[in-house]
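This briefing covers two local features of one protein model. Please have the coordinates open while reading.

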Amino acid sequence: MALKRGLSSVGVHRNRSSGSRLPIVILVFFSVLAPFVFFVGRGLYISDQNSVQIGSSKQNIDWREKLALQSIKNLFTKEVIDVVTTSTADMGPLSLDSFRKGNLSASWKVIGVDASVEDNATSQPNQKAAGLKQEMPQVEKGKLLDDDHSHDTPAKTLRRQLRDNRREKRAAELVQQDDEATVKLENAAFERSKAVDSAVLGKYNIWRKENENDNSDSTVRLMRDQIIMAKVYVSIAKLKNKLDLQQELQIRLKESQRALGESTADADLPHSAPEKIKAMGKVLSKAREQLYDCKLVTGKLRAMLQTSEEQVRSLKKQSTFLSQLAAKTIPNAIHCLSMRLTIEYYLLPKEKRKFPRSENLENPNLYHYALFSDNVLAASVVVNSTIMNAKDPSKHVFHLVTDKLNFGAMNMWFLLNPPRKATIHVENVDEFKWLNSSYCPVLRQLETAAMKEYYFKADHPTTSGSSNLKYRNPKYLSMLNHLRFYLPQVYPKLDKILFLDDDIVVQKDLTGLWSVDLHGKVNGAVETCGQSFHRFDKYLNFSNPHISRNFDPNACGWAYGMNMFDLKEWKRRDITGIYHKWQNMNEDRVLWKLGTLPPGLITFYGLTHPLEKSWHVLGLGYNPSVDKREIEHAAVIHYNGNMKPWLELAMTKYRPYWTKYIKYDHPYLRNCNLSE
């Protein structure tokens with residue numbers, strides 16, 4: 001029993017020990033393996049679920065793409081879809097938002113798109129999209145592509161061709177715009193060049209590059225300044241008994257003056273000029289250290305300034321006199337021509353000295369001209385220009401009057417060069433016996449002692465008119481200048497006559513002047529009161545009561561040079577008697593200065609009919625800015641002023657209007673060296 005107990009107890013203990021281990025194993029299994037199994041299983045579940053979701057979403061996307069493609073194919077052609085496909089392949093998905101932002105080229109247009117678009121992911125796939133259309137320019141057939149794009153798809157090739165065509169079109173438009181702008185600029189520059197005055201004196205030209213430098217003569221100015229200061233210090237050195245310094249300054253002064261000479265620009269200076277400047281600078285620095293006195297230097301400079309001003313005034317007066325002298329002196333070539341023609345004339349037999357058609361001289365039905373001149377060449381231009389522009393030269397008659405010295409030359413020239421079928425007659429003013437001092441106030445006044453002193457003793461200090469060099473002119477001593485007041489006496493059988501100066505050029509037929517109604521006036525002339533200095537107060541002395549009582553100072557002046565005179569009305573109103581009356585009152589020259597225009601304004605006051613300005617354009621002898629269009633449309637152009645076209649001081653841009661009526665290949669002109 002005992003043994004059984006013992007064995008049973010051992011079995012019991014073993015059973016107890018084995019029963020205590022099992023819970024431990026189970027506990028370890030569930031604490032270690034169960035979480036592992038749980039996480040592995042959960043991962044497998046999640047991955048399976050994701051794969052299922054991806055598959056379902058992919059099916060959803062494929063369904064939407066198919067539906068969108070079906071809608072787009074209904075809207076666009078195949079070519080557009082190919083371009084869209086290419087753009088998608090190159091730049092990513094093509095959206096309407098990217099189009100609104102301007103990411104596409106200018107060939108795309110949006111039509112019918114609302115200002116706001118809802119961004120809703122749940123919108124129906126069949127919602128209408130914004131209408132798009134592309135302008136498809138025609139692609140030139142056969143155009144070769146670059147080798148680098150030889151393997152491109154047809155869609156890419158088409159898109160590249162469209163882009164190239166747009167670039168070429170834009171480039172052509174830009175080139176055309178540039179050409180138009182260039183043409184406009186060239187035309188504007190050409191118009192501006194027309195207004196440029198070609199009568200610029202000297203070597204200055206606005207188009208020359210060297211004239212753009214304002215300091216082109218800085219060295220010349222420096223040398224002049226040094227010379228001025230050297231003169232100042234020479235006088236101060238002499239005053240302070242600095243003889244050595246004075247002598248040194250004088251030596252340098254002479255050297256600088258010789259180097260400067262007549263130079264007006266740096267280019268004219270000799271190569272030794274810089275050395276002279278340095279040497280003078282050293283001497284002036286030495287003189288400044290020893291002699292500088294502000295008060296003395298200021299006084300010397302002031303004295304030099306006053307002396308220079310006096311010299312300038314004297315030179316201006318001399319220049320005025322010389323310009324007047326040059327303007328009224330006949331050039332050597334014209335004097336030579338007159339002498340040669342005179343010799344030839346008096347070698348002719350008397351029977352060959354007569355002009356044909358002398359029966360026309362007193363025919364009132366023809367067109368008669370009066371020309372008083374002592375210049376053969378100028379008279380020939382007046383006659384030639386009138387005849388060349390006349391419709392019927394055979395109806396024109398020229399009455400020339402000259403002085404005794406030029407009578408033979410004037411006859412010989414027109415005998416050698418007859419004015420076509422026109423009639424011409426030359427007279428000598430000295431043969432008008434009725435024109436004497438007892439009848440003519442001007443001749444009587446020219447014989448007085450006061451007038452002789454005025455003309456021949458102009459430098460006398462008591463001469464009151466010594467400053468009026470303009471009026472001290474040889475033409476005022478000639479009766480050719482005053483003969484215009486005696487037209488009815490010279491041509492008693494004529495009814496109308498056109499008076500012409502010898503410094504005019506006729507450019508149109510003048511026969512229309514004979515049909516102008518003068519409305520009972522005596523003188524037909526072009527008025528010149530566009531400027532204030534062409535009114536009566538410019539020419540007449542309104543401080544005199546005779547002038548102020550009878551005339552308006554603001555009355556409009558008119559021009560001599562081309563005047564239509566009604567000789568019948570002249571005789572009826574006794575115009576010559578009016579002229580004599582006022583000329584006698586002006587014996588002491590208190591009413592007006594010398595000349596024929598002031599007495600003409602007085603004599604024909606209220607008796608002048610204004611003509612159209614296009615008949616007579618003035619100013620070519622003094623005004624460089626006469627409108628070219630006015631010149632070209634004028635019937636007569638007038639070189640009134642000092643710059644006559646036959647003189648060297650004539651304005652070059654106006655001279656061709658005169659020279660074109662001269663044949664410079666004429667033997668007499670060649671022998672006297674007359675040229676353009």
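Predicted model: local features only at pLDDT ≥ 70, side-chain atom pairs only at ≥ 80, totals over all residues.

Residues are numbered from 1 along each chain as its sequence is written, and side-chain values use heavy atoms, with hydrogens and water left out.

**Strand 9**

- Helices (H or I, at least four residues) and strands (E, at least two) are DSSP runs, numbered from the N terminus.
- Five of the five residues of strand 9 (residues 562-566) are buried, so the strand is largely enclosed by the rest of the structure; buried means under 20% relative accessible area with a 1.4 Å probe, protein chains only.
- In a regular strand the side chains alternate between the two faces of the sheet.
- Met562, Met564 and Asp566 lie on one covered side of strand 9, and Asn563 and Phe565 on the other.

**Pairing of strand 9**

- Strands pair if DSSP finds at least two bridges between them.
- Strand 6 (residues 496-500) pairs with strand 9 in the antiparallel sense over five bridges, and Leu498 has Met564 as its bridge partner.
- Strand 8 (residues 523-525) also pairs with strand 9 in the antiparallel sense, over two bridges, and Asn523 has Phe565 as its bridge partner.

**Helix 9 and helix 11**

- Helix 9 (residues 332-347) packs against helix 11 (residues 407-416) at an angle of about 80 degrees, with axes 7 Å apart; axes are lines fitted to C-alpha atoms over the stretch in contact, and angles run from 0 to 180 degrees between N-to-C directions.
- Helix 9 is therefore roughly perpendicular to helix 11, a term for angles of 65 to 115 degrees.
- Residues in contact (heavy atoms within 4.5 Å) include Leu341 and Tyr345 in helix 9 and Met412 and Trp413 in helix 11.

Methods: Buried < 20%, exposed > 50% of the residue type's maximum accessible area, 1.4 Å probe, protein only. Parallel < 35°, antiparallel > 145°, perpendicular 65-115°, else oblique.
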